[in-house]
Amino acid sequence: MTSGTIAILTASSGLGSFVPAVALSKWFQRQQRSVRFYALEQLYTPQALVRLEKTKAQCRRSLRTALLTQRWLSHSPGSIRKAIDADKWQAFKAQWQHCPPEHVFLFSGFWLSFISELQAAQGARTTGENQPVYHGVHVDVTTSLSWQPGEIGGLKHHHLLAEGDEQFLVPPPPVVDWAQRESRVAVHGGGWDIGDLDACIAMLRSRYTLLLGQSSLADADADADAENWQLLTEPDWLPWQHGCVAGGQYPAQTLLGQTETRTGEQSRAINARCPDEPPFQQLLSRCRALITKPGGASLIDSMATATPLVLLPPFGDYEAANGRAWISRGFALSFDDWKAQGFAQAPLYRCHQALLAMRGNRSVYGEKYANEDATEVG
């Protein structure tokens with residue numbers, strides 16, 4: 001029989017699917033649901049994890065390298081299988097078969113072949129009330145790279161950002177009024193910190209104060225000051241290790257650049273936040289815009305906080321589709337278009353108003369499954 005628990009399966013190599021997966025897990029746990037949280041990289045061999053970190057470093061240095069890596073993965077889905085440690089996979093499979101969950105929420109399609117193997121191992125139990133209900137949660141407007149290799153039986157796909165049917169993943173925070181927001185813009189390169197951000201930052205420093213999201217505290221900007229903040233991930237924090245405990249955890253981050261009124265001096269203080277809420281979203285809600293590439297997690301942050309996006313070059317076809325969708329709906333503009341308008345606030349305000357109008361009575365995806373069992377919602 002199923003255990004009545006929820007399993008959330010994601011990938012942690014980039015945070016674009018990982019952070020939304022944590023958000024859903026935190027929501028379920030607040031509703032007193034038992035959640036098991038897994039990142040695919042937990043099953044990797046030590047050698048594969050070393051290669052992963054090396055690849056991430058190379059991709060940060062060159063967008064062209066990142067795109068070539070993505071293209072190679074799209075034609076080599078078996079490379080994920082080669083990264084898996086056989087002993088770890090057998091242990092995972094034994095635990096899953098001993099205590100199968102009630103609902104399974106997949107945030108990464110790289111799990112599909114492994115789910116197929118789990119279903120096959122269950123034999124006669126692959127159908128009926130004892131089989132978990134599988135949900136594919138898409139955080140991109142179109143199907144992203146990881147979902148392309150295949151399908152599994154009974155998988156229910158849901159695209160959170162479908163035009164006209166946008167849904168919040170979890171209940172959003174109250175929107176900070178435009179007049180109450182600081183003259184600040186957030187800038188980051190996504191989960192892998194990809195793209196040439198230095199030129200953008202140089203153009204914006206004289207016009208706005210900044211919130212810079214970088215990959216590691218070790219990358220801190222020596223010129224950070226009390227006005228220009230940096231939200232940095234602790235260098236020893238690993239998503240497939242620290243991020244997967246107790247149902248999933250947000251990155252351990254430090255906000256550099258805050259001024260302590262007690263001393264008037266710059267400090268490195270852990271961001272004063274609720275650990276059950278997305279750390280970046282809390283700061284973004286006080287900003288006029290987010291300058292970034294059009295990753296799915298950035299679109300979710302934009303929608304949750306009604307914050308416009310100013311878009312940098314996309315990483316792959318599915319991010320390009322994200323960008324086109326957000327611009328066509330009036331929620332974003334390209335960095336070049338914003339530059340041509342003198343980095344004015346007026347076009348940002350129009351995007352903010354469009355995001356507010358879209359919110360309406362949008363439903364919350366997680367609420368459908370918070371307190372019901374598989375026979376009712378499957």
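How are tryptophan 89 and phenylalanine 92 placed relative to each other in helix H5?

1. Tryptophan 89 and phenylalanine 92 lie three residues apart in helix H5 (residues 86–98), so about one helical turn separates them. Helices here are DSSP runs of H or I with at least four residues, numbered from the N terminus.

2. The model is predicted, so local features need pLDDT of at least 70 and side-chain atom pairs count only at pLDDT 80 or more, whereas totals for chains, interfaces and linings use all residues. Residues are numbered from 1 along each chain as its sequence is written, and side-chain values use heavy atoms, leaving out hydrogens and water.

3. Rings of Phe, Tyr and Trp (its six-membered ring) pair if their centres lie within 6.5 Å; planes under 30 degrees apart are stacked, over 60 edge-to-face, and the rest tilted. The count by this rule is 18 aromatic pairs. Among them, tryptophan 89 and phenylalanine 92 are stacked, at 5.7 Å centre to centre with 20° between the planes.

4. Tryptophan 89 is buried, at 4% relative accessible area, and phenylalanine 92 is also buried, at 7%. Buried means under 20% relative accessible area (1.4 Å probe, protein chains only).

5. Tryptophan 338 and phenylalanine 343 form an edge-to-face pair, 5.1 Å centre to centre and 90° between the planes. Both residues of this pair are buried.

6. One aromatic cluster is formed by Tyr38, Trp89, Phe92, Trp96, Trp111 and Phe114.

7. Arginine 184 lies over the face of tryptophan 229, at 3.8 Å from the ring centre. For such a contact, NZ of Lys or CZ of Arg must be within 6 Å of the ring centre and within 35 degrees of the ring normal.

Conventions. Helices (H or I, at least four residues) and strands (E, at least two) are DSSP runs, numbered from the N terminus. Buried means under 20% relative accessible area, exposed over 50%, partly exposed in between (1.4 Å probe, protein chains only).
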